[in-house]
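This briefing is for a reader who is new to the structure shown below. It takes the chains one by one, then the interfaces between them, and it also looks at a single residue.

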Amino acid sequence: MEFPGLYNYWITIVLMMVGFYIVIAHDNLIKKVVGLNIFQVSVFVFYISMAKVQGGTAPILDAGIETYSNPLPHVLILTAIVVAVATTALALALVVRIRNAYGTIEDDEIEGQEDDA
Amino acid sequence: MIFKAILRVVSKLLIPPIMLFALYVQFHGDFGPGGGFQAGVIFASAFILYALIFGIDNARKVAPAWATRTLLSLGLLLYASVGVAGILLGGNFLDYSVLADNPVIGQHLGITLIEFGVGATVSGAMITIFFIFAHQDG
Amino acid sequence: MAVTALALVRLRNLFAVVMLAGVFSLLAAVLYVVLDAVDVAFTEAAVGAGITTVLMLGTLALTTSDEKAAPRKTLAPLLLVVATGAVLIYGTMDMPRYGDPNAPIHSHVAPYYLTRTGPDTGLPNVVTAVLASYRGYDTLGEVAVIFTAAVGVLILIGRSRRPKKKRKPADKKEAAQ
């Protein structure tokens, strides 16, 4: 069991847990969106690190190069990043609407207002 | 406001190269890193830079709401219609090989068209979202 | 990168949080270059560091830039996070080693794409070929998602800004029905 060979997964997990912690421990909705973004980036890093081949190069065909890294995860993550920004924009739009409706973007204060009502 | 003057001059110098670079990324994406997604974002960032420096209202004159919304929908429409064109010419949906006599040229044509559609939609979406967030009615 | 992420947890000022998130994205882009994913790095640098930061700043301008109170219940989430992380690390024990050319992920469709892209499409950039040609359905879906998200933002907050001006087209539509 040579442990160093797995460090890419561990980096992913640390990042993922940081994002997860922000999402569940913070009440501020913008902070939660940032936490979700970190979570997303950790998944991206996971895919990209899976695609890496030792001694390979970027997947652009050229004469004299034999090993390329796996192009499929690159494609998936490429589109996922752009979709991520679109969904982030949607989440932020929802935050703005919540702020307009409740006057706050803190989760517990919104819950308090809901209980009062 | 001396800083504003510097910003204006520098951004005037920078915006045309940014747009040119976006087009380069768009149409050179087949050969090097790049493609519709990146090109759309870079193209949109040129508009965002303009809006930040010269004010939202001036930027809205350059890129009115109807223009960005049309761009947004036309990109997706172009993408889907390339797929339908494949069916009409006797292939499968999104099968580019039938678009030209030579399958390889057909593939190339299809990919270029589709990347253009992607770029149009992404840039339209980004500009629209930015203007909405900047207080201006999208 | 992990340090930036940890700093994000502690910071209370949302403006600094947004700036650090941009730095985080840029670091991620550098990491992608190191991992040979140039297309992805390009996208991340343009999207993550550029557009997302601008959007977050826009949101801050529309809402508030300070987080109110410290998180009240820190212990329970921390325990949960550590437990989940431990389970996930236990799960990685069976994963293929980093950069292993014989990993399962490299043995199914990837060689097909790498060998067929040249003859099929004549494009040197395999990522573009797979994106637009082999997995064209996926990309069509992704573009539709972006379109839908933009329309969603338009409906959610575009309308509330100027209700009068926006209502006209809707009225016309109703009249047409």
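**Overview**

In chain A, 56% of the 117 residues count as buried. The model is a predicted one. Chain A meets chain C through contacts that involve 77 residues of chain A and 84 residues of chain C, and chain C in turn has 40 residues in contact with 42 residues of chain B.

**Chain A**

- Chain A contains 4 helices and 0 strands, and its pattern along the sequence reads α-α-α-α.
- Of the contacts in chain A between residues at least 6 apart in sequence, 45% link residues at least 24 apart.

**A residue in chain A: Lys32**

- A:Lys32 lies in helix α2 of chain A, which covers residues 29-51.
- A:Lys32 has a relative accessible area of 17%, and because the cut-off for buried is under 20%, this residue counts as buried.
- Apart from neighbours within four places in sequence, the residues in contact with A:Lys32 are A:Ile22, A:Val23, A:His26, A:Asp27 and A:Asp107.

**Chain B**

- Chain B has 5 helices and 0 strands, which follow the pattern α-α-α-α-α when read along the sequence.
- Of the 138 residues in chain B, 48% are buried.
- Among contacts in chain B with a separation of 6 or more, 62% are between residues 24 or more positions apart.
- Chain B exposes about 6,300 Å², with 75% of this area coming from carbon and sulfur atoms.

**Interface of chain A and chain C**

- An interface is often sized by the accessible area that is lost when the parts come together.
- Between chain A and chain C, about 7,400 Å² is buried, and carbon and sulfur atoms give 76% of it.
- Three residues, A:Tyr21, A:Lys52 and A:Leu61, supply 9% of the area that chain A buries against chain C, which is more than any other three residues.
- On the side of chain A that touches chain C, the elements giving two or more residues are α1 (7-25), α2, α3 (71-102) and α4 (107-116) of chain A.
- With 24 residues, α3(A) provides the largest share of the side of chain A that touches chain C.
- By residue type, the side of chain A that touches chain C comprises 52 nonpolar, 16 polar and 9 charged residues.

**Interface of chain C and chain B**

- Chain C and chain B together bury about 3,900 Å² between them, and 76% of this is on carbon and sulfur atoms.
- The interface of chain C and chain B has 0 salt bridges and 3 residue pairs in polar contact.
- At least two residues each of the side of chain C that touches chain B come from α3 (38-62), α5 (110-121), α6 (126-134) and α7 (136-161) of chain C.
- α7(C) gives the most to the side of chain C that touches chain B, namely 14 residues.
- The side of chain C that touches chain B is made up of 24 nonpolar, 11 polar and 5 charged residues.

Methods. Residues numbered from 1 in each chain as written. Chains lettered and ligands numbered in written order. Predicted model: local features only at pLDDT ≥ 70, side-chain atom pairs only at ≥ 80, totals over all residues. Heavy atoms only, no water. Buried < 20%, exposed > 50% of the residue type's maximum accessible area, 1.4 Å probe, protein only. Contact = heavy atoms within 4.5 Å. Buried area = accessible area lost by both parts, 1.4 Å probe. Nonpolar A, V, L, I, M, F, W, Y, C, P; charged D, E, K, R; others polar. Salt bridge = Lys/Arg side-chain N within 4 Å of Asp/Glu carboxyl O. Polar contact = N/O pair within 3.5 Å; in protein donor to acceptor, adjacent residues only side chain to side chain. Areas by Shrake-Rupley, 256 points an atom, 1.4 Å probe, with all protein chains shown as cover.
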